Each structure stands twice: as structure tokens, then as C-alpha cells.
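Here are my notes for you, as numbered points. Keep the model open while you read, and find each residue as it comes up.

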Amino acid sequence: MRETVDTAESPSERVTESAPPREAYAAPESTVRLRAVLAQMPDYKPGKAAVAPAGVTAYKLSSNENPYGPLPSVLAAVADGATTVNRYPDMAVAALTERLAEALDVPAECIATGTGSVAVLGQIVNAACDAGDEVVFAWRSFEAYPIVTQLAGAKPVMVGLDEQSRHRLDAMLAAITDRTRVVLVCTPNNPTGPCVHQAELEAFLDRVPSDVVVVVDEAYVEFVRDPEAVRGLEVWRERPNVVVLRTFSKAYGLAGLRVGYAVAHSPVAAALRKTATPFGVNSLAQVAAIASLDAIDELTERVESLVAERDRVVQALTDQGWTLPRSDANFVWFPLGADSTAFSQACQEAGLMVRQYGDDGVRVTIGEVEANSRLVEVAQRFGAR
């Protein structure tokens, strides 16, 4: 008897085979009017995915991500929460807001949430700025600052860092005009690493007009060990115009879920809630953030291990002769100037994807131990600068 073989294809396979080939898309001529500022704005560039030569393990050190996966308790909370994703999340983000209020010892009415601290930053600028107003910040700093500013119709006013890659607060003060509505202070500064100190920020705030919003961006606060560093919440309690900005993306390892928050005095916090995207913080992000706060002891252990790795890497580079800015974040900054491209290429050839900022320098995230050790080896071969 001849054996028969079933070669029937699934409906999806049949459709694929019978469908005509797609033609290249040709955009029709358009007269749609878009905002002129979009053509002038830089694109936000995410960290590149890890690639490596054959036989070499690749590591992504380009996005300041936490190398540890979510804690089991956080994963369990997300799994439980997934059963209700057919429903809209709580638009008020009430449970997370109350949990943050408890953890930070601040009134719940003073907390405003959003889809990552960059979205909350957008809420701040949109709440404070009309077209033509100004936002002052150090540069180089977080690359979303000029983008968010221009999207709000405001003008970015960039003030260069000093020779130690730190904020020049006196120069930032001098840049404030009658049109300034927001000042951004990134501490530790991304991508260079140093903190602003408490005493210098207090002196700066004494001279900033009281109607200007000053944002203390503490996205990396959990990694700070500088005893002189700004204590954002302490400053906020004494200053009606100060807003503290934080995120669950870095130390908490929830970058993929996008949740951040601001601590602001109630009139400002209410304005931030008005400018937020409705239902922006999704239900899984909320439960994961709450579970992370509940597991703070375990997360603190992970942060301590990353700080120890950062210190190990910095010491090894210093021993090689490198002169780097102090970092109180989860990355190190190589101020390489024209050598930035060559160093980035050397890292990539070794399986390390890092973040180059033109001819300013290269930022490298503290990642897995093996990745960090490989960075030290690449830096040794490249030669200290």
C-alpha cells in the first residue's frame, strides 16, 4: 500500500503564497502642514542593541539599563496583573501614588506620575511654558531636554559644563531672563556622572526668581554616594518652586514598563496631572512599581552591587592612568573628544555596545561583571587619556 503524506498548508500559509508581492511604497505628494520646529529638532537616539563578532558574547552598555532581571515577587505581581489588561488602568494611579507617598513621607497630593520621568518632564514643561518661553539647562546633559522643550514651543537655553563635567550654576543663573519658566538640574548629570552639591544648589535657589520652576532630576539618585550631593526631597520641602523628578527605570529595573514620577507642591502637581496622557501609566507598570517598593531591601542589595562594580571599574581605569569625571550614577563617562569614535569602535569590536555623544565623549553603563571587566581590558589596550 502506498503511504500517503498530508502536505496541507495552514490557511495563513496559503494566503501568504497566493498574495501578490508588495510593491515599494511611494509617498503621494502632500501639502499637509506640520510644525516647522520638527525639522529643526534632533531625534532622540536610543541605545543601540548589542552586537558582537562571532564567538564573542555581546553586552548592551548603551542605555543605562539595570542588568538584573525583575525580582521574582515583581514578576509574580505582573503576572497577576496581566489577567485584567482588558480593562483600562486607574487613571489616577491611586495605589502607586499612595505607596509612594508612604515611602517618601510626602502628601499624596504632591505626587504626579507619568510614563517614565521623561514623560513627566514633558508634563512639567507643557504646564509651565507658552510659545517663546525659555528652559535653561546644562549641556551636555540628558538629550531629551532640548527635544521636550522645543515640542512645547519653548526655547532651549544650554549652558556648558565646566572642566570637571559639572554644572556651572552661576552661568545658569546668568542665563535666566524674564522669559525663563523652567530650569533643569540633572544630578547626577547624564551622561557625565557628577552630582550637584547641596550647598551650591541652595545658594543657586536663593537667587532664582520664585516664579521659575526648578526641576531637580534625580533619575539616578539611588546610586549616589557623594556625601555632599543634593538631597532633592529636603530641598523640595523648603522651596515652593522646586520639583523633584524620579524614575523606576534605572535602579528598580523597570525600564520596559515606563513609569516615573514627580514630587511637587500641590498646585504644581495638579498642573502636571492635567498635562499627563490619560491612562498613560499602564496597570502592569503600576503593580510592578508597587511590588518593587515592597521589595526595597532586595533591590537595595542589587544597587549596592552595581555601585561596587562602578567603583571597581573606576579604580581600575584610574590605575591605568585615565582621568574621568566622578560618577555617582550607574555609568562612567570618557571625555574623549575627537577620539570618541575610535573608542566606541574598539568597544564594539570587543562586543560592547556603548553610547557615543558625537565628539564630546562616550558613556558606558555599568553592566554584568564580565562586561565591566571587558571594558577595563579595552580601555587598557586603547591607552589612557
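1. Let's start with a glutamate. This is a predicted model, and in it Glu309 touches Ile366, Val369 and Asn372, once you leave aside its neighbours within four places in sequence. Glu309 itself belongs to helix α12, which covers residues 296-320. Is Glu309 buried or exposed? With a relative accessibility of 12%, Glu309 counts as buried, because the cut-off for that label is under 20%.

2. Next, have a look at His197. You'll find His197 in the loop between β5 and α8. Its relative accessible area is 19%, so His197 is buried, given that the label applies under 20%. Which residues does His197 touch, apart from its neighbours within four places in sequence? The list is Arg166, Asp226, Glu228, Ala229 and Val230.

3. Helix α6 runs over residues 144-151, and seven of its eight residues are buried, so the rest of the structure largely encloses α6. Those buried residues are Ala144, Tyr145, Pro146, Ile147, Val148, Thr149 and Gln150. What do they pack against? Their partners are the helices α2 (37-40) and α5 (117-128), together with the strands β3 (134-139), β4 (155-160), β5 (180-186) and β6 (213-217). Follow the chain onward and α6 is followed by Gly153, which has a positive phi near 85°.

4. Here is a pair of helices to compare. Helix α3 (residues 72-81) and helix α11 (residues 283-294) have axes that come within 8 Å of each other and cross at roughly 150°. That angle makes α3 roughly antiparallel to α11, because angles over 145 degrees get that name. The crossing of α3 and α11 is right-handed.

5. Stay with that pair and look at the side chains. From α3 come Ser73, Val74, Ala77, Val78 and Gly81, and they meet Leu284, Val287, Ala288, Ala291 and Ser292 of α11. Sorted by class, this contact between α3 and α11 has seven nonpolar residues, three polar ones and no charged ones.

6. On to the backbone, with some background to begin. Most peptide bonds are trans, and most residues other than glycine have a negative phi. Where does the model have cis bonds? Another is the bond from Thr187 to Pro188, with omega near -5°. Pro188 is part of the loop between β5 and α8 (198-207).

7. Positive phi values deserve a look too. Ser165 is not a glycine, yet its phi is positive, near 65°. This serine lies in the loop between β4 and α7 (169-175), and with a relative accessible area of 10% Ser165 is buried. Arg258 is another non-glycine residue with a positive phi, about 60°. Its place is the loop between β7 (242-247) and β8 (260-263).

8. What about the cysteines? A disulfide is a covalent bond between the sulfur atoms of two cysteines. How many disulfides does a search of the whole structure find? The count is zero. Cys186, for example, is in no disulfide, and the nearest cysteine sulfur, that of Cys195, is 9.7 Å away. A disulfide needs the two sulfurs within 2.5 Å. Cys186 is buried, at 3% relative accessible area, and Cys347 is also buried, at 0%.

9. Last stop, a glycine. Gly358 lies in the loop between β11 (355-357) and β12 (361-365), and at 41% relative accessibility Gly358 counts as partly exposed. How far is Gly358 from Leu299? In sequence they are 59 residues apart, and in space 34 Å, from C-alpha to C-alpha.

Methods
Residues numbered from 1 in each chain as written. Predicted model: local features only at pLDDT ≥ 70, side-chain atom pairs only at ≥ 80, totals over all residues. Heavy atoms only, no water. Buried < 20%, exposed > 50% of the residue type's maximum accessible area, 1.4 Å probe, protein only. Axes fitted to C-alpha atoms, helices over the stretch in contact; angles between N-to-C directions. Helix = DSSP H or I, 4+ residues; strand = E, 2+ residues; numbered from the N terminus. Parallel < 35°, antiparallel > 145°, perpendicular 65-115°, else oblique. Left-handed = near helix turned anticlockwise from the far one by under 90°. Contact = heavy atoms within 4.5 Å. Nonpolar A, V, L, I, M, F, W, Y, C, P; charged D, E, K, R; others polar.
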